[in-house]
Amino acid sequence: MDVYEVLYQFCLEYPVLLDDRKVPLWKLKKEDLDKVNLNLPWDSIRDLAIYLYELKKKQQNSKELVKFDIIEVLVGISLLKHDNKNNYMGLVTEEMCLTYLSELITARINCIAKYYYMMKKPQNTNIFDEIILKFPQKKDIRASNINDLRELINKIKRYFK
């Protein structure tokens, strides 16, 4: 089981409020989605996009890892509705949230690489170090996880179709 399958399982276990009772997401039916309280800190996909953008900027400027609940974010991207009155020409979409989330994960990886791993090749490295640890390490690591995240979001959406 890979990390995205584990994330998917955690997302399905996310507690939501249905008729003032906490139930896991997997117990919902498609018709329940309109009356369920997702119990998220955001009201729309636009609010979530703003949150992710601000979190990404904070992480890029921080030496510490910024804490956030990735399960909440993934459930939000999957199930939050568009805010029709504040969504300028439909520009704020799930795709924008996915991009910000991917950039946030990249910023976290860069933070770990910059502040918690050696950036210069030690004098006494061997072939194992050079292959496994990939010395010399790159200054700006790009995570190519957006397609995996997109598939995870689509899998959560398909669960309710």
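Analyst: Let us begin with a definition, remembering that this is a predicted model: a residue is called buried under 20% relative accessible area, exposed over 50%, and partly exposed in between.

User: Why does Phe-160 count as buried?

Analyst: The relative accessibility of Phe-160 is 4%, and buried means under 20%, so Phe-160 counts as buried.

User: Why is the aromatic pair of Tyr-159 and Phe-160 called edge-to-face?

Analyst: Rings pair if their centres lie within 6.5 Å, and planes over 60 degrees apart count as edge-to-face. For Tyr-159 and Phe-160 the values are 5.1 Å centre to centre and 85 degrees between the planes, so the pair is edge-to-face. The structure holds three aromatic pairs.

User: How do you know that the buried residues of α1 line one face of the helix?

Analyst: In helix α1, which spans residues 3-12, the buried residues are Leu-7, Tyr-8, Cys-11 and Leu-12. Seen down the axis of α1, these buried residues fall within an arc of 135 degrees, so they line one face. What covers them includes β2, α3 and α6.

User: What makes α3 largely enclosed by the rest of the structure?

Analyst: Nine of the ten residues of α3 are buried, so the helix is largely enclosed; among them are Ile-71, Glu-72 and Val-73.

How values were computed:
Residues numbered from 1 in each chain as written. Predicted model: local features only at pLDDT ≥ 70, side-chain atom pairs only at ≥ 80, totals over all residues. Heavy atoms only, no water. Buried < 20%, exposed > 50% of the residue type's maximum accessible area, 1.4 Å probe, protein only. Helix = DSSP H or I, 4+ residues; strand = E, 2+ residues; numbered from the N terminus. Arc of directions from axis to C-beta. Contact = heavy atoms within 4.5 Å. Phe/Tyr/Trp six-rings, centres within 6.5 Å; stacked < 30°, edge-to-face > 60°.
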